[in-house]
Amino acid sequence: MNNTFQTILHLLWTFSQLSVLGFGGGKGIIPQMHADTVTRYHWLTSAQFTQFYTIGKLVPGPTTIFAALVGYAATPGQPLDGAAAATLGMFVPSSAIMVAFDALWERFQASPWRAIVSRGLSPAI
């Protein structure tokens, strides 16, 4: 397995973890993303991370879209593959969980516990 392919797999795994385990929205995972991309894997310098974060704040959409820039920079041999892996890792796992939860939620539409759960969650949503 070549180094670029391993990096792409690491990107996919790292951003998938951030996607699923991150609470508090995109801003809640930025410190862990910095630790992983700068300190742990050395894909970026801290200055690059800051520049990419700034670009992520400037473009429309979620701030975490700058994961694509991290993937692009982390794989100079195949930058588009790295960008795609980081982007897929960042957005697909949490989206898939929400789609699955929605299907489950709709399945139990007539259940009495659904109303109880809805009342309990309403202050948080």
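1. Surface. The protein exposes about 7800 Å², of which carbon and sulfur atoms supply 67%; accessible areas come from the Shrake-Rupley method with a 1.4 Å probe, and for residues only the protein chains shown count as cover. Buried residues make up 31% of the 125 residues, where buried means under 20% relative accessible area, exposed over 50%, and partly exposed in between (1.4 Å probe, protein chains only).

2. Basis. This is a predicted model, in which local features need pLDDT of at least 70 and side-chain atom pairs count only at pLDDT 80 or more, while totals for chains, interfaces and linings use all residues. Residues are numbered from 1 along each chain as its sequence is written, and side-chain values use heavy atoms, with hydrogens and water left out.

3. Overall form. The secondary structure comes to 6 helices and 0 strands (DSSP runs numbered from the N terminus: helices are H or I, at least four residues; strands are E, at least two). The radius of gyration is 17 Å, well over the 14 Å that the globule rule gives for 125 residues, so the protein is more spread out than a compact globule. That radius is taken over C-alpha atoms, and the rule is 2.2 Å times the number of residues to the power 0.38. Along its principal axes the C-alpha trace spans about 55 × 30 × 25 Å.

4. Core. The largest nonpolar core has 20 residues, and Phe15, Met33 and Trp43 have the most contacts inside it. Such a core is a set of buried Ala, Val, Leu, Ile, Met, Phe, Trp, Tyr and Cys residues joined through side-chain atoms within 4.5 Å. Two or more residues come from each of α1 (3-21), α2 (26-40), α3 (46-58), α4 (67-74) and α5 (79-107).

5. Helix α2. This helix has 15 residues and reaches 20 Å from its first C-alpha to its last, close to the 21 Å expected at 1.5 Å a residue (1.5 Å times one less than the number of residues). A bend of about 35 degrees occurs at Gln32, taken as the angle between axes fitted to the seven residues ending there and the seven starting there. The buried residues of α2, among them Ile29, Met33 and Asp36, pack against α1, α3, α4 and α5. Just after α2, His42 takes a positive phi of about 60 degrees.

6. Met33 and Thr64. Leaving aside neighbours within four places in sequence, Met33 is in contact (heavy atoms within 4.5 Å) with Phe15, Leu18, Phe49, Thr64, Phe66 and Met90. Thr64 lies in the loop between α3 and α4 and counts as buried because its relative accessibility is 7%. With the same exclusion, Thr64 is in contact with Gly26, Ile29, Met33, Met90 and Phe91.
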